[in-house]
Amino acid sequence: MSESMPALGANQQFCRSCGKIISSLAPACPRCGAPTGLRAVPAGASPKSRLAAVLLCFFLGWFGAHRFYVGKIWTGLLQLITLGIFGIWTLVDFILIIVGSFKDSEGRPVVVWTD
Ligand SMILES: [Zn+2]
């Protein structure tokens with residue numbers, strides 16, 4: 001690697017097609033139009049599927065399934081033992097997932113709907 005790349009800002013990424021520095025939130029390069037990835041996962045966002053988290057929370061939320069899914073094993077177990085504190089905790093999680101404020105085990109928001 002003799003060629004040094006310019007440093008990226010916190011919310012920037014390289015276009016995979018033309019190499020231009022673009023916003024990490026852009027689903028496609030504004031210059032050449034190339035999609036920025038197979039999955040449009042913004043930098044800093046969880047790679048986990050929001051759709052899967054919603055479905056798991058809805059059907060198995062009392063058992064903490066959505067927390068196990070995003071890697072939150074310990075709070076998942078706690079939710080399992082307490083049955084989501086009789087559904088209230090699970091309901092709060094469900095709302096958080098819907099509005100995009102639910103975080104994975106590394107603190108990244110679960111916001112990407114596709115898998
Ligand atoms: Zn480009």
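User: Which helix is Leu-83 in?

Analyst: Leu-83 lies in helix α3, which covers residues 73–86. Keep in mind that this is a predicted model.

User: And is Leu-83 buried, partly exposed or exposed?

Analyst: Leu-83 is partly exposed, because it has 14 C-beta neighbours inside 10 Å.

User: What about its phi, what value does Leu-83 have?

Analyst: Phi of Leu-83 is near 50°, which is positive, and the residue is not a glycine. Most residues other than glycine have a negative phi.

User: Where is Phe-86, and what is its phi?

Analyst: Phe-86 is in helix α3. Its phi is positive, about 55°, although Phe-86 is not a glycine.

User: Is Phe-86 buried or exposed, and why?

Analyst: Phe-86 counts as exposed because 10 C-beta neighbours lie inside 10 Å.

User: What follows α3?

Analyst: Gly-87 follows α3, and the phi of Gly-87 is positive too, near 90°.

User: Where does α3 bend, and by how much?

Analyst: The bend is at Leu-80 and comes to about 75°.

User: How far does α3 reach from end to end?

Analyst: From its first C-alpha to its last, α3 reaches 19 Å. That is close to the 20 Å expected for its 14 residues at 1.5 Å a residue.

User: Changing topic. Where does Leu-56 sit?

Analyst: Leu-56 is in helix α1, residues 50–60. Leu-56 counts as buried, since it has 21 C-beta neighbours inside 10 Å.

User: Which residues is Leu-56 in contact with, leaving aside those within four places in sequence?

Analyst: Leu-56 is in contact with Gly-61, Ala-65, His-66 and Tyr-69.

User: How far apart are Leu-56 and His-66?

Analyst: They are 10 residues apart in sequence, and their C-alpha atoms are 5.1 Å apart in space.

User: Zooming out, how many helices and strands are there in the protein chain?

Analyst: The protein chain has 4 helices and 2 strands. Along the sequence the pattern is β-β-α-α-α-α.

User: What share of the residues is buried?

Analyst: Buried residues are 20% of the 115 in the protein chain.

User: Last one: what is the average pLDDT, and which elements have the lowest and highest means?

Analyst: The protein chain averages a pLDDT of 88, and 90% of the residues score at least 70. Where pLDDT is low, the predicted coordinates should not be read in detail.

How values were computed
Residues numbered from 1 in each chain as written. Predicted model: local features only at pLDDT ≥ 70, side-chain atom pairs only at ≥ 80, totals over all residues. Buried ≥ 20, exposed ≤ 12 C-beta atoms within 10 Å, placed from the backbone. Contact = placed C-beta atoms within 7 Å. Expected span 1.5 Å × (residues − 1). Bend = angle between axes of the 7 residues up to and from the residue. pLDDT = per-residue confidence, 0-100.
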